[in-house]
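Have a look at the structure first, then read on.

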Amino acid sequence: MSRILATYNIKGGVGKTSAAVNLSYLAARDGARTLLWDLDPQAGATYLFRVKPKVRGGGGGLVRLKSDVEDLIKGTDHPGLDLLPADFSYRHMDLALDGFKHPTRRLARVLEPLTGEYDYVFLDCPPSISLVSESVFEAADALLVPVVPATLSSRTLEQLEDVVDGGSAGDLRLLPFFSMVDTRKKLHREVVERVRAERAGVLEAEIPTSADVERMGAYRNVLCAFAPRSRAAGAYEALWREVRARVGEG
Amino acid sequence: MSALAAGSDFLPPGGMTLEAVARALAGRFEVRDGRSARALDRTYYDTFDGLVHGAGLTLSHGAGTLTLSERDSGAERARLAMASPGERLLTGDLAVSPMRDQLREVVEVRALLPIARVRIRTRAFQVLDDERKTVVRMMLEQPELMNSRGDPALGTRVRVLPVRGYDEELALVRRTLEGELGFAPAPQPLVDEAVKASGGDPAGISSKIVVPLGAQERADLATIAVLRRLEAVIEANLEGTIADLDSEFLHDFRVSVRRTRAVQRELKALFPPEELRHFRSEFRWLQQVTGDSRDLDVYVLGFESMRALVPETMRDDLEPLLAVLRRRRGAARRKMVRAIRSKRTAALLSEWSSFLTELPDRPEEDRADAGQPISAVAAGRIRKVYRQMVKMGRAIDKDSPPEDYHELRKKGKELRYLLELFGAPLYPGEVVKPMIKSLKALQDVLGLHQDREVQVATLRSLEHEVDAAQGGTGALMAMGVLVARLAEDELAARATFAERFAVFASKAQRKLVTDTFA
């Protein structure tokens, strides 16, 4: 059975896509059969893997189970790692889901035929609270939440906990971790310290702000592949070890 | 469809080097030419009898990874990081992993042995699209045999590995290779080419006896053909038996000796009596000196299932018994290896071989059946032995002594060998196959009965030794429970016997035997 892991935050620009591509890359590198579904119509992950952001039948075809999901998957340049690309039509996925009796169960249904084929399925989600994100909560075993250590981030986390607890998300695990941490900034250091003191369950690994992470877009490649010895890549390695220990092998 | 779809190998037109192939490809496609060639050592593994090959798979080790892949497509099934497995790999030694589970299903107790070693100069190529995304992977490989002594060179090949979702690009690459560039699809995977070049057979060495026979063939010549094949299996399994590579070598060795003896006994009118007596006694000796070792193999291999017969809380108490069994097995093996390596065994095998060679030219006055058609001779024996079994079985009831069951089982083995060696190639499958099936069902129950009988006796004989070991008292108590369970099995086997025998000896079956083996 696949483990389904979603990277999610209500806010954008927090290092969500970067986490999704690097963690899925590391999973595949360790020998796990891995799929990344780029659910974000901005298609960041799809762009990084140099795949055309086009899915035959669009998001509607997928959630209506009209498209054969297995035929839409593209192999990436990295052995063992496949991609279900983004499509511009995903921006209307809420509308497509709204027509169903149990809209939040749809994404899980879409993924059903793939559960035997992959050890890990990563979902890179668009930043919002919507039927899409609720559907993701329903499908996923764990939610990886990048948190930028700014004053508002604790609140974001609380909000998210409310959303998750209030929904029908069952035994979804919330795995928050600090992202884009700049240890030179006093504020960042303070927030990290305070949040760790106030709440348990925040992962140990911290992803630093880094020019290397930003270079991913220019290189159109995964950081852990083109700069495996960089500090940020090391942080993703540590994060992956922690996540894998929490969710188990696929 | 798997995440890694089918791929395949291509051979460049004669004599092209790795570099020339690379130039030709770069001229036709947008490529990323990985790095300069690097050398990679790869060892292929299979069981002695080629089970991995038979399952359509390839197992290889290289660059710290054990890889199981599909023979035809090259698609990967499982991989496992491990240091070199060396000269022998048992699935029991592997880490718990999908690799272990998949291999175990294919090879069971058999050891994986190196069948070919190659050093491959490889150069990675990727065909790119207009986004410079990899759409087809290629691996240029220039392999050579390691430890080769002037062996024929292996050809350069190009492995074309698909990327999921890029089928059109893959088709274009294949068309270009085959059309414009004059490459040919490789007729065999690299592993086969390497094994053949090292003098081996990619399908392994089978211990199956399949000797086609003609119904009118002279009985002595047909039988010699069968015995020759049995002799080959005995010889083939000697080395692995002595080296203790896995338990199947000894098993196959003993089955072939037993089959040889069955042929000697059942078709005795094909042989000069004086010499036959000598060979029968020598083969009986060979069977005896290998018996203890096989019995103890079975105990050690089946220990887990014996453990499962006692309550969970007592299972660990049985450990001292396992230690005693292992010690005994070691001692029995040493004794057996001495016997197999002895002059007596060497003399037996070489004399037997000469005897088979010379037999057709010997006078026929003391070999009454030699010139008869094999179908007539075999049919007569099959009918006879079947009738004997029916008679013996009818005399058995729940209170019969264990020896009666044992004698019937021994007779059953004779019939089974006659059916397999002579019945199957000479008579219709629709008669022989169901007959073997009902016989097997009967033999299973007789086998269980006999095994349990012997196991109980063996356990009793070990009580003293186990008692002396540390933790011996607990072990003795657990053994007591075990003995009781084994005895229950024996009783249950007796209860099933009547039902199985009824099928085997039914009126319809008796008529079929009489009609077919007239």
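Where is the place of Arg220(A) in chain A? Arg220(A) sits in the loop between α10 (211-219) and α11 (223-226) of chain A; helices here are DSSP runs (H or I, at least four residues), numbered from the N terminus.

A word on the ground rules: this is a predicted model, where local features need pLDDT of at least 70, side-chain atom pairs count only at pLDDT 80 or more, and totals for chains, interfaces and linings use all residues. Residues are numbered from 1 along each chain as its sequence is written, while chains are lettered from A and ligands numbered from 1 in the order in which they are written.

**Positive phi**
- Most residues other than glycine have a negative phi.
- Arg220(A) has a positive phi, near 50 degrees, and isn't a glycine.
- Arg220(A) is partly exposed, with 15 other C-beta atoms within 10 Å (20 or more would be buried, 12 or fewer exposed, with C-beta atoms placed from the backbone).
- Leu65(A), also not a glycine, has a positive phi of about 60 degrees.
- Leu65(A) lies in the loop between α3 (58-63) and α4 (69-72) of chain A, and is partly exposed with 13 other C-beta atoms within 10 Å.

Conventions: Helices (H or I, at least four residues) and strands (E, at least two) are DSSP runs, numbered from the N terminus.
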